[in-house]
Amino acid sequence: MTNIAPCSADARNVSNSLRFSNERRVTFVTLARLTAVLTIAAFAPIPAAAAETVVVTAERMLDVVTGRYVANPVITVVDGRITRIENGTTPPAGAKLIALPGKTLLPGLIDMHVHLTSLAEIGGYRTYDYTDQFWTAVGVGNARKTLQAGFTTVRNVGSDAFGDIALRQAIDGGWAVGPRIVTATYAIGSTGGHCDDNLLPPSFDKKGAAIVSGPESAREKVRWLKKYGAEVIKICATGGVFSKGDAPGAQQLSADEIRAITDEAHSLGLKVAAHAHGDAGIRAAIDNGVDTIEHASLASDATVADAKAKGTWFDMDIYNDDYILATGTSNGTLQESLDKEKALGLLQRQTFRRAVQAGVKMLFGTDAGVYPHGDNARQFAKMVEWGMTPLQAIRAATSSASEALGDRGNDVGTIAVGKYGDLVAVSGDPLADVRVLEHVDMVIKGGVVVSPAG
């Protein structure tokens, strides 16, 4: 048998093949091991960040439910929510301390009727001097002013171009500073009514985005608004002051349309707020399931009694008349609107007094945007002037507002374990002089000091 030795080239090829095979095997093993390590790391539990603990102390705290002061409160907030309320205890080691000696603490305030993407300083046809997104942009500043005034939650009942949704998303995401916003987006109305666009001639044929005609149209509009972020439904049941060519007292949505809206909204878990000045429109809203009546200017005694019997809330903006009449038409307000306000202002305040005396459930809503944002708290004194006690006025902007918001109010409105650490601090006694709320010393939202900025 003859042994034939391989040629040198063949030997090198065989040697190289074995070497490459071994290298590939080592590489595959290394990659497999690395993949296993990365897989374990990806699915391993991530260590939880240390919960931030904030302790707020003050001279006293107003319990808005009982109407009594609690001396030397020690309020512990962990990751934005209140976890403990004690008296005079030593704050836990490692907690961030916010000491407010001599101050009175209240829950963060709630304004149930604002328009953050509107400016009182620009009205009427002057609004067409500005591009569409201008209004969302100025809303950022309005939101900051509102929060710094002590209002940590607002209900924004009407905004074009989903501007209130944009603000809410920016604030919740940390890109802007402002209150917690319950959003309505567009307000539902009738053709030519208060919630339509009536300033331009027919050649433009400009219509409001949420105009309805008939019950089925109304139901569909509720679904559309909910789809794009509405958390409360706003309707225009009557004419208004700042709309052109209509009468504030005239009913604009039918009873069937209102019923369709409330049925659909309630089935979707949403409350309904009705802009309503005239008595017939207010009564139709109450009788067809609306949750809150905005303005309620011309409610008769019978309608007030109906609201009391059915538990419907009145949300009456009784301060802004002072600003509107003092400003006149200098900011672009139409003379027609000014005349309407002159006719309604005193009557609305008288209705407010009758409603308070009758025991109607009352809310704090200012219509900020009709007057400058940040001055919201000026309405407290006006509410006291027209029949409320300071405690009733404060409850309208805290515990009552929380109740009227339904599920959206569960986390706000009182200082209680489990709720957000939203607090305002003032000097003096708001139960003796409610005007102290016009000048808050500190605002805390979710355990974070937001005013004074620091």
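How much space lies in the second largest cavity? About 30 Å³ lies there, and the tour of this predicted model can start at that spot.

**The two cavities**

Select Pro107, Gly108, Thr152, Asp411, Val412, Gly413, Thr414, Tyr420 and Asp422, and the lining of the second largest cavity is on display. Sorted by class, this lining has 3 nonpolar, 4 polar and 2 charged residues. The count of cavities of 30 Å³ or more comes to 2, and the other stop is therefore the largest cavity, with a volume of about 50 Å³. To see what surrounds the largest cavity, select Arg155, Val182, Glu231, Val232, Lys271, Ala404, Leu405 and Arg408. That lining holds 4 nonpolar and 4 charged residues, with no polar residue among them.

**The sheet of β6, β7 and β8**

Next, colour the strands of the open sheet whose order is β6-β7-β8, a sheet of 3 strands with parallel pairing. β6 (109–114) and β8 are at the edges, where each has a single partner strand, so that one side of each is left without a neighbour in the sheet. Direction ignored, neighbouring strands here are turned by 15° against each other on average. Then look at the pairing of β6 with β7 (residues 151–156), which is parallel and runs over 4 bridges; within this region, Ile110 can be picked out standing opposite Thr153 in β7.

**The disulfide**

Now show the cysteine side chains, since the structure holds 1 disulfide. Cys195 and Cys236 form this bond, with their sulfur atoms 1.7 Å apart. The pair links distant parts of the chain, 41 residues apart: Cys195 lies in the loop between β8 (180–183) and α4 (215–227), whereas Cys236 belongs to strand β9 (residues 232–236). Are these two cysteines, Cys195 and Cys236, buried or exposed? Both Cys195 and Cys236 are buried.

**The second largest pocket**

For the next view, centre on Met362, Gln392, Arg395, Ala396 and Ser400, which lie nearest the centre of the second largest pocket among its 13 lining residues. About 240 Å³ of space lies in this pocket. Selecting β13 (361–363), α11 (390–396) and α12 (399–404) brings up elements that each supply at least two residues of the lining. By class, the residues lining the second largest pocket divide into 7 nonpolar, 3 polar and 3 charged.

Move on to strand β15 (residues 442–445) and strand β16 (residues 448–451), which run antiparallel and are joined by 3 bridges. In this pairing, Val443 stands opposite Ser451 in β16. The hairpin of β15 and β16 has 2 residues between the strands, and Gly446 in this hairpin takes a positive phi near 60°.

Finally, step back to His439, whose place is in the loop between β14 (423–427) and β15. Why does His439 count as exposed? The relative accessible area of His439 is 59%, and because exposed means over 50%, His439 falls in that class. Select Ala149 together with His439 to close the tour: their C-alpha atoms are separated by 7.4 Å, although the two residues are 290 residues apart along the chain.

Note on methods
Residues are numbered from 1 along each chain as its sequence is written. This is a predicted model: local features need pLDDT of at least 70, side-chain atom pairs count only at pLDDT 80 or more; totals for chains, interfaces and linings use all residues. Side-chain values use heavy atoms; hydrogens and water are left out. On a 1 Å grid over the protein atoms alone, a cavity is a set of points where a 1.4 Å probe fits but cannot get out, and a pocket is an open set with protein on both sides within 12 Å along at least five of seven lines; lining residues have an atom within 4 Å of a point. Grid points are joined across faces, edges and corners, and a volume is the space filled by probe spheres set on the points. Ala, Val, Leu, Ile, Met, Phe, Trp, Tyr, Cys and Pro count as nonpolar, Asp, Glu, Lys and Arg as charged, and the others, Gly among them, as polar. A disulfide is a pair of cysteine sulfur atoms within 2.5 Å. Buried means under 20% relative accessible area, exposed over 50%, partly exposed in between (1.4 Å probe, protein chains only). Two strands pair if DSSP finds at least two bridges between them. Axes are lines fitted to C-alpha atoms, for helices over the stretch in contact, and angles run from 0 to 180 degrees between N-to-C directions.
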